Structures are given as C-alpha cells and as structure tokens.
Amino acid sequence: ISDIFINGQRASIVPAITDPKLYEAKGFRPPPGLEVEIGKELGKTVFGFPVIVASGTDMNITVTYKLPFRILPRENKASYSLLFLKQPGTDSYPFSFTGEFQGFQARKEEELNVETELLKDITIDIPLNKK
C-alpha cells in the first residue's frame, strides 16, 4: 500500500499492533495514524485496517497500492480480482469500487465502477486489455 485517503485526507499509515500482549497491556496507547495490517492468506496478500463510520454518514476510502509483480509488456490481456470481506455482524451498507490500472483498460468500461449494497463478501473480477 502506498497511500490511503479517508474523505480526501491522506492517512498516516503505521504497522498494526496485533500482539494481544501489547494492546491489552495496562497503559497501552495505539500509535498515531491508521494501523494497517498486512499479511498472507492462501497465497494472497491481505490488507486490513479499522475505520468507524457513524450511522447515517458516508465515508470515502481510497487505497493505492502496487502489485508485487510486473505484467509483462508482451501480454495483451490480464485480469484483476478483488475480494472484499464484509465486517461480520454488521447490517448491509452501500459499497462502491472504482479501479484504475496503469497501462491497461477494462474490456468493458462499466466493470471499472461497481456500486452495490454490501450484504456479504464480494469478489470483483475485471478482465483487462493492454492499452
């Protein structure tokens, strides 16, 4: 992850404190900034960070990241897949995704913009063509 913006404000990204011995210790104070956890699960990179969205309000979160590999220039096609995990136990909420891919474009422009009511985990798959 190179940047996270929340409602247009750039967040200061810090490593998440995930050790219960630390965050449950008396006098623990979370670090200043947005705690981001980065891990691996089933061969995929997983990013996670907490945000609190007050009832009846909207929050715009923009995450910019680079793939850990390069798509070779001779490849004319690629695909992008994003798994978004809904917070368990929460009511449904509006969700939108807009994708931009350097050097590639979606085969169908509408695939770059997803607007839905998030009822459960979703996977967004976007077939891409080289520009």
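These are my notebook entries on a predicted model of one protein chain.

**Ground rules**

I number residues from 1 along each chain as its sequence is written. Since I am reading a predicted model, local features need pLDDT of at least 70 and side-chain atom pairs count only at pLDDT 80 or more, while totals for chains, interfaces and linings use all residues; side-chain values use heavy atoms, with hydrogens and water left out.

**Entry 1: the overall layout**

I began with the secondary structure and found one helix and eleven strands in the chain. Here helices (H or I, at least four residues) and strands (E, at least two) are DSSP runs, numbered from the N terminus. Reading from the N terminus, I get the order β-β-β-α-β-β-β-β-β-β-β-β. I then looked up the box around the C-alpha atoms, which is roughly 55 × 35 × 30 Å along the principal axes.

**Entry 2: surface and contacts**

I looked up burial next: 18% of the 131 residues count as buried. Buried means under 20% relative accessible area, exposed means over 50%, and partly exposed lies in between (1.4 Å probe, protein chains only). The accessible surface of the chain is about 10400 Å², and carbon and sulfur atoms supply 52% of that. These areas come from the Shrake-Rupley method with a 1.4 Å probe, and for residues only the protein chains shown count as cover.

Residues 24 or more positions apart make up 50% of them.

**Entry 3: charges**

I noted 16 positive and 17 negative charges, with mean positions 9 Å apart. Lys and Arg count as positive and Asp and Glu as negative, while His and the chain ends are not counted. Each charge is placed at NZ of Lys, CZ of Arg, CG of Asp or CD of Glu.

How many salt bridges does a search of the whole structure find? I got one. The term asks for a side-chain nitrogen of Lys or Arg within 4 Å of a carboxyl oxygen of Asp or Glu. Asp 3 and Arg 10 are the partners, and their closest N and O atoms are 2.3 Å apart. A reminder to myself: side chains of opposite charge can pair when their charged atoms come close. Asp 3 is buried at 16% relative accessibility, whereas Arg 10 is exposed at 58%.

**Entry 4: aromatic rings**

I counted four aromatic pairs in the structure. Rings of Phe, Tyr and Trp (its six-membered ring) pair if their centres lie within 6.5 Å; planes under 30 degrees apart are stacked, over 60 edge-to-face, and the rest tilted.

Among the pairs is Tyr 80 with Phe 97, which counts as stacked because the centres are 6.4 Å apart and the planes are at 10°. This pair links distant parts of the chain, since Tyr 80 sits in strand β7 (residues 77-84) and Phe 97 in strand β8 (residues 93-98), 17 residues apart. Both Tyr 80 and Phe 97 are buried.

I also looked at Phe 84 and Phe 95, a tilted pair with 4.5 Å centre to centre and 45° between the planes. Phe 84 lies in strand β7 and Phe 95 in strand β8, so this pair ties together parts eleven residues apart in sequence. Phe 84 is partly exposed at 28%, and Phe 95 is buried at 11%.

Ring pairs also join Tyr 80, Phe 97 and Phe 101 into a cluster.

**Entry 5: positive phi in two loops**

I checked Asn 7, which has a positive phi of about 50° although it is not a glycine. Asn 7 is in the loop between β1 (3-6) and β2 (9-10), and is partly exposed at 45%.

Leu 42 is another non-glycine residue with a positive phi, near 50°. I found Leu 42 in the loop between β4 (34-41) and β5 (44-48), exposed at 80% relative accessibility.

**Entry 6: Ile 6 and Asn 60**

Which residues does Ile 6 touch, not counting those up to four places away in sequence? I listed Leu 34, Val 51, Met 59, Asn 60 and Ile 61. Ile 6 itself belongs to strand β1.

Asn 60 lies in the loop between β5 and β6 (61-64) and is partly exposed at 46%.

Methods
Contact means heavy atoms within 4.5 Å.
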